[in-house]
Amino acid sequence: MKSTLYLTAKVLPGNKIEIQNLNLTEGQTVEVVIIISESNTSISSENNQSPSLQERQAFLKLPLSDRRRILETQAETMLSHYQQDSEWQELMAGDIIDY
């Protein structure tokens, strides 16, 4: 059975991340998933790029609770975006005209 360990790490000089935990043993093989905070990086949709296949597969391998947390964060970001951007409301306000 797999167990999950949630840690927050700071990127060190040289773009390195160090993980230390008493539950890990030297030589043990572990899986590491890195979730980058959106506040530190641009949202991929802004670059007009969809996530790569590897990124999608990594997301699907995450525990359900992690996936829900990520999707909740993304939904909150989009809610904030649509509340600030009123252009979409103006588009939806008009009558539908069938030509």
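This is a short tour of one predicted model, with a stop at each selection.

**Stop 1: helix 2.** Select residues 64-84, which make up helix 2. Now pick out Asp-66 and Arg-69 inside helix 2. They sit three residues apart, about one turn of the helix. Show their side chains. Arg-69 and Asp-66 meet in a salt bridge, at 3.9 Å from N to O. Side chains of opposite charge can pair when their charged atoms come close. The count for the model comes to one salt bridge.

**Stop 2: the two partners.** Is Asp-66 buried or exposed? Asp-66 counts as buried, because its relative accessibility is 8% and the cut-off for buried is under 20%. Arg-69 has a relative accessible area of 42%, so Arg-69 is partly exposed.

**Stop 3: Tyr-6.** Tyr-6 lies in the segment before helix 1. In sequence, Tyr-6 and Asp-66 are 60 residues apart. In space, their C-alpha atoms are 9.9 Å apart. Which residues does Tyr-6 contact, leaving aside its neighbours within four places in sequence? They are Pro-63, Ser-65 and Asp-66. Tyr-6 itself is partly exposed, at 48% relative accessibility.

**Stop 4: the nonpolar patch.** Select Leu-5, Leu-7, Val-11, Ile-17, Ile-19, Leu-24, Val-30, Val-32, Ile-34 and Ile-36. Together they form a nonpolar patch on the surface. Val-32 is found in the segment before helix 1, which spans 53-61. Its relative accessibility is 52%, so Val-32 counts as exposed.

How values were computed. Residues are numbered from 1 along each chain as its sequence is written. This is a predicted model: local features need pLDDT of at least 70, side-chain atom pairs count only at pLDDT 80 or more; totals for chains, interfaces and linings use all residues. Side-chain values use heavy atoms; hydrogens and water are left out. A salt bridge is a side-chain nitrogen of Lys or Arg within 4 Å of a carboxyl oxygen of Asp or Glu. Helices (H or I, at least four residues) and strands (E, at least two) are DSSP runs, numbered from the N terminus. Buried means under 20% relative accessible area, exposed over 50%, partly exposed in between (1.4 Å probe, protein chains only). Patches are made of residues with over 30% relative accessible area and no salt bridge: like charges are joined within 9 Å, nonpolar side chains (Val, Leu, Ile, Met, Phe, Trp, Tyr) within 5 Å. Accessible areas come from the Shrake-Rupley method with a 1.4 Å probe; for residues, only the protein chains shown count as cover. Contact means heavy atoms within 4.5 Å.
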